[in-house]
Amino acid sequence: MVSVEGIDARKWDQIQPVYQEFLEREIDSAEALEQWLLELGQFDAFVGETGSMLYVEMTCDTENEEIKQAYLDFVEQVQPELAKVGDLLNRKLADSPHADALDSVEYNVLLRDTRMDLALFREENIALGTELTKLGQRYNEICGAMTVDFDGEERTMQQMGKYLQVNDREVRESAYRAVGERRFQDSEEIDELFDKMVGLRHQIALNAGYENFRDYTFDAKHRFDYSPEDCESFQTAIEQICVPLMRDIDEERRAVLGLDALRMWDMGHDVKGRSPLQPFAEVEEMVAGTSRMFHRLSPELGEFFDSLRDGTSLDLDSRKGKAPGGYQLQRDHSRKPFIFMNATGLQRDLETMVHEAGHAFHSIYADHLPLVDYRSAPIEFCEVAAMSMELLTHDFLDEFYSPEDANRAVREHLEGIVSILAWIATIDAFQHWIYTNPGHTKEERHQQWIELGERFGSILDWSEFEEWRKVGWQRQLHLFSYPFYYIEYGIAQLGALQLWLQYQIIFVDVRDG
Ligand SMILES: [Zn+2]
């Protein structure tokens, strides 16, 4: 066993000798290879947890320069070395004459992933990847610099979001116009930047021996269990099932609002003009109520949730200096999950709490597995654990709400699922088209986006805004920095809905006779 005692994994010179030993170790049997994998996994878990905790500390206190520097040092000095040594270790595994003698049930997935990564690797693609990262940063800069003068102040696009949710229709419309106009100013530069990205990605695929970037990406993302054609079928299913439902929901919205036509600024506010749901005031109320919900859903999940209330595993309140957003991460060495979020008392916070708890349950269920690689799942399944908890806790929202408000929360959640599936299909179909038609012009791209809007979009009246509509895709960050990463959420949502359906059949039918 490799000892981690006395090793500071924030320092490359302290962990390098350990990795060197792994690289040089003589492996003369399948058993020795298995032992090597297990020990390497344990050491990776130790180093990984060190990096994770630096990230946790930084996100919990972004104003602390010392913590920030420690994290940046790790990212800049340790992580690149880890990537290099990781590649060498993968080669050692894949080249080992004993690899094929490993138990195929246990090791098939690991070997398949490793061999695919090695098969795709091309030295000349590293520089192209760096170029893409820079273009992605440029995209972030362009979007980050967008502000508008609104309601007496200069405001960012994020800050403008709340004006699209107010009950005053005139305010919403002028907010929509201000944001749309500002975005449109930079649309040509973003189009040009995107052309460059598409060209670079196509070249990466050609270099690796693929016909196009779509096919390359399916292998690079280890999508061994579904194909581009499966994604197209999924898009069609969404078109046939979700899109009509979404249009019915929006038609009802139009009728309730008493409008002749729904405009783009009519979608963000409460249809009955009510103020936002407020499930709790203090974070401790949220935690206690969530615990009660999980205990009622399943005593085991309730206990798992309570095990997180140990003083080190939750950082939930919103406070100055904390990074935005929410996440769960597993501390692989100590085998304990950690949840981070910024709760301010909204329904969205409760959803995040339940969602991240679902990820934590997944981590707990997997934490006994010997191979550290197997303790995390592909995103398509990780999100099933998280999204299903959002659905399965519907019945217990009375811990926070009156029956009427609980109903409102459930309805908003379910309607949101219908429309997000339609949006996921739009983004996925758009990317399939982009990368299988790499020589397309800007005008063809705009035309394609409009066509997909007709196919998957709702009943919005776009008159007067046709030009803005053509570049609506430019606000979707994933298209720029995470190509093809989106359908995962659709697949996971489908899995979560299936679990929810099973729950209704097995438990609710039994309970209600
Ligand atoms: Zn998640």
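The legends below describe close-up views of a predicted model.

**View 1. An open sheet of three strands.**
The strands of this open sheet follow the order β3-β5-β4, and their pairing is mixed. At the edges are β3 (314–317) and β4 (327–331), each of which pairs on one side only. Averaged over the sheet and with direction ignored, neighbouring strands are turned by 15° against each other.

**View 2. Strands β4 and β5, with helix α2.**
Strand β5 covers residues 336–343 and runs antiparallel to β4, to which five bridges join it. Within this pairing, Y327 is placed opposite F340 of β5. Helix α2, made of residues 30–60, lies across β3, β4 and β5. The angle between α2 and β4 is about 145°.

**View 3. A nonpolar patch on the surface.**
Which residues form the patch? They are L501, I505, I506 and F507, and together they have about 400 Å² of accessible area. F507 belongs to helix α19, which spans residues 487–511. Is F507 buried or exposed? F507 counts as exposed because its relative accessibility is 51%, and the cut-off for exposed is over 50%.

**View 4. S275 in a loop.**
The loop that holds S275 lies between α10 (228–257) and α11 (283–297). S275 has a relative accessible area of 52%, so this residue is exposed. Along the sequence, S275 and Q165 are 110 residues apart. In space, their C-alpha atoms are 9.9 Å apart.

Side chains of opposite charge can pair when their charged atoms come close. The structure holds 41 salt bridges, and one of them is formed by E189 and R138. The closest N and O atoms of E189 and R138 are 2.9 Å apart. E189 is partly exposed, with a relative accessible area of 33%. R138 also counts as partly exposed, at 33% relative accessibility.

How many residues apart are R177 and E173 in helix α7? They are four residues apart, about one turn of the helix, which is made of residues 169–185. R177 is partly exposed, with a relative accessible area of 27%. E173 is partly exposed as well, with a relative accessible area of 25%.

E232 and R214 form a salt bridge in which the closest N and O atoms are 3.6 Å apart. This pair links distant parts of the chain, since E232 is in helix α10 and R214 is in helix α9 (residues 213–220), 18 residues apart. Is R214 buried or exposed? R214 counts as buried because its relative accessibility is 12%, and buried means under 20%.

**View 5. A network of salt bridges.**
The residues in this view are D270, R274, R408 and E412. Salt bridges that share partners join these residues into one network.

How values were computed. Residues numbered from 1 in each chain as written. Predicted model: local features only at pLDDT ≥ 70, side-chain atom pairs only at ≥ 80, totals over all residues. Heavy atoms only, no water. Pairing = 2+ DSSP bridges. Helix = DSSP H or I, 4+ residues; strand = E, 2+ residues; numbered from the N terminus. Axes fitted to C-alpha atoms, helices over the stretch in contact; angles between N-to-C directions. Contact = heavy atoms within 4.5 Å. Patch = residues over 30% accessible without salt bridge, like charges linked within 9 Å, V, L, I, M, F, W, Y side chains within 5 Å. Areas by Shrake-Rupley, 256 points an atom, 1.4 Å probe, with all protein chains shown as cover. Salt bridge = Lys/Arg side-chain N within 4 Å of Asp/Glu carboxyl O. Buried < 20%, exposed > 50% of the residue type's maximum accessible area, 1.4 Å probe, protein only.
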